Every structure is written in C-alpha cells, then in structure tokens.
Amino acid sequence: MLLNSKGKHRRPSKATRIATLAGVTGAAVAVPLMGATNASAASVATWDAVAQCESGGNWSINTGNGYYGGLQFSQSSWAAAGGTQYASRADLASKDQQIATAEKLLDMQGPGAWACAGAGGLTNDGVDPGVNPGGSGQSEGKSEQAQPERQAEQPTTRSEQREAPKAESKKTVTTPTGDKVKKGDGEYKVKAGDTLSKIAQKEDVKGGWSKLFKLNDDIVEEANLIFPGQQLHLK
C-alpha cells in the first residue's frame, strides 16, 4: 500500500501497518500523468512482486480500507499521479494502467511511497516496464468501498487560488483535488514532503507526531494527511 496522502497512496502490509503509521505521509504533487521515463522506472516483474505483498496480487481489490487496486493506491495518490484519466479509482483500472500510474508516482515520491517496496525489491532501476495503459479500465459499476496513508500534497495553481475570495484564501489551503482545508495559524508552515513525524523530529516536539496531531486536531483531520501551506502549532 502506498504511504502517501485524504491522498495517500497505500496500505502497509499487516505486519508493518502499526509500525509505519507515524511516518507514512509525504508529498504527492499533482501533475499530469506522462509516460514512464527510464530515469525512474521498474519492471513488470518488480511491480508484480510489490502487488503480491500489498494486495496478494489482486489488481482489482477494493476491501473498503481506503486503498485500491493491486498496488493499494489511496484516492489522492491515484489522482495526483494522473490515474483518473484511466478510471475514477485504481481498482477500476487495468493492471497496465495501474503500473503506468505507479511509474509516475515512483518518479514523484520514490520507492518509499510503498510499504512493500523492500519486499518487492522496488528501486528506481530505470527498467521500462513496457506496459500499454491505453483503453478503458475495468467496469466502474463496482460498489464503492475503500484511501492509503498520504503525504503532504501540493496546492492547486496560483490562478485557481486567486479565484477564491481573499478572506477565505487566508484561512484555507487548496488541495490537488480542488478541496479546501483549514490553514491554521501555527508557527510552523508545512512544506511539500513533510509528515507529522518528520516535523516532530525536526522541531523536537515532545510527545512526537501524536502530540503534534493533538495540538493541531482542529485543522488536521487525519494524522497521515497534511498539506503544504498549513500552519501547525508546535506547542
């Protein structure tokens, strides 16, 4: 499952789920999906190994846990990496489409976006998987069920932010999906790539990420989902 980002990418394997909770958020930058580049790519065999660990190799799985498909994308990570051009959720897309989207997420976040990266031997090895994501995904008539742990997500474009009323823009941050979340008025401004655990360690917050979450539970709805531009209290 992706460690990501209300945009996370994946659900950790049962054995690592609790251990990774505090540090699984990160930065999912919303950019259009492009073809996988040799600079950051992995073979189909590697993605199969990651999927085997993440979902038992079931590319159409949707158990209602907030993660979708063989590589356990969260909805926000799927959208941030451009997967919605294929299907609304990862479990509704084909295997090739999921791998093509995973290649873009790998380029954006690196192997650390998946808790099962180690088990699958996932690295930026530059091996083009040669998948064909063209065509439609699976039927979208499936029942709605399940999102991964996500990383801090990039706000939308400046032009979109300028359209919002000035009073509102001072109090909110715009997410990649166009939603608005509370900005807060704390002394620490969240940057892309931040997680509560990273901030707590860097700023020496006593009580760690859980204390930081409690201090900011009025603006942070999920401990594994924060957004650049939000301002957190450190004490």
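Does Trp78 count as buried or exposed, and what is its relative accessibility? What follows is a set of legends for a predicted model; Trp78 counts as buried, at 0% relative accessibility.

**Figure 1. Overview of the predicted chain.** The model is predicted. The chain contains eight helices and six strands. Read along the sequence, these elements follow the pattern β-α-α-α-α-β-α-α-β-β-β-α-α-β. The chain has 235 residues, of which 47% count as buried.

**Figure 2. The largest nonpolar core.** This core has 25 residues. Those with the most contacts inside the core are Trp47, Leu71, Phe73, Trp114 and Leu122. Helix 1 (44-55) and helix 3 (95-109) each supply at least two of the core residues. Helix 3 gives the largest share, five residues. Leaving out residues up to four places away in sequence, Trp47 touches Ala42, Trp59, Leu71, Ile99, Ala102, Glu103, Leu106, Trp114 and Leu122.

**Figure 3. The aromatic pair Trp47 and Trp114.** Two aromatic pairs are found in a search of the whole structure. One of them is formed by Trp47 and Trp114, with an edge-to-face arrangement. The ring centres are 5.1 Å apart, and the angle between the planes is 65°. Trp47 lies in helix 1, whereas Trp114 lies in the loop between helix 3 and helix 4 (117-120), so the pair ties together parts that are 67 residues apart in sequence. Both Trp47 and Trp114 are buried.

**Figure 4. The aromatic pair Phe73 and Trp78.** Phe73 and Trp78 also form an edge-to-face pair. Here the distance is 5.0 Å centre to centre, with 75° between the planes. Phe73 has a relative accessible area of 0% and is therefore buried, the limit being under 20%. Trp78 is likewise counted as buried, at 0% relative accessibility.

**Figure 5. Crossing of helix 1 and helix 3.** The axes of the two helices, helix 1 and helix 3, come within 11 Å and cross at roughly 95°. An angle from 65 to 115 degrees counts as roughly perpendicular, so helix 1 and helix 3 are roughly perpendicular to each other. On the side of helix 1, the contact is made by Val44, Trp47 and Asp48. Helix 3 contributes Lys95, Ile99, Ala102, Glu103 and Leu106 to the contact.

**Figure 6. Surroundings of Asp91.** Asp91 lies in the loop between helix 2 (75-80) and helix 3. Its relative accessible area is 0%, and Asp91 is buried. The side chain of Asp91 makes a polar contact of 2.9 Å with the side chain of Arg89. A polar contact of 3.5 Å joins the side chains of Asp91 and Asn62.

Figure 7. Ser43 is placed in the loop between strand 1 (8-10) and helix 1. A polar contact of 3.0 Å links the side chains of Ser43 and Thr46. Ser43 and Leu122 are 79 residues apart in sequence, and their C-alpha atoms are 9.0 Å apart in space. Leu122 is also one of the residues with the most contacts inside the largest nonpolar core.

Figure 8. Gln72 is not a glycine, yet has a positive phi of about 50°. Gln72 is located in the loop between helix 1 and helix 2. With a relative accessible area of 1%, Gln72 is buried. Asp204, also not a glycine, has a positive phi of about 55°. This second residue, Asp204, lies in the loop between helix 7 (196-202) and helix 8 (208-215). Asp204 has a relative accessible area of 58% and is exposed.

**Figure 9. Asp217 and Leu232.** Asp217 is found in the loop between helix 8 and strand 6 (231-232). At 52% relative accessibility, Asp217 counts as exposed, because the limit is over 50%. Asp217 and Leu232 are 15 residues apart in sequence. The distance between them in space is 9.7 Å, C-alpha to C-alpha.

Conventions. Residues are numbered from 1 along each chain as its sequence is written. This is a predicted model: local features need pLDDT of at least 70, side-chain atom pairs count only at pLDDT 80 or more; totals for chains, interfaces and linings use all residues. Side-chain values use heavy atoms; hydrogens and water are left out. A nonpolar core is a set of buried Ala, Val, Leu, Ile, Met, Phe, Trp, Tyr and Cys residues joined through side-chain atoms within 4.5 Å. Buried means under 20% relative accessible area, exposed over 50%, partly exposed in between (1.4 Å probe, protein chains only). Helices (H or I, at least four residues) and strands (E, at least two) are DSSP runs, numbered from the N terminus. Contact means heavy atoms within 4.5 Å. Rings of Phe, Tyr and Trp (its six-membered ring) pair if their centres lie within 6.5 Å; planes under 30 degrees apart count as stacked, over 60 as edge-to-face and the rest as tilted. A polar contact is a pair of N or O atoms within 3.5 Å; within protein, one must be able to donate a hydrogen and the other to accept it, and residues adjacent in sequence count only if both atoms are side-chain atoms. Axes are lines fitted to C-alpha atoms, for helices over the stretch in contact, and angles run from 0 to 180 degrees between N-to-C directions. Angles under 35 degrees count as roughly parallel, over 145 as roughly antiparallel, 65 to 115 as roughly perpendicular and the rest as oblique.
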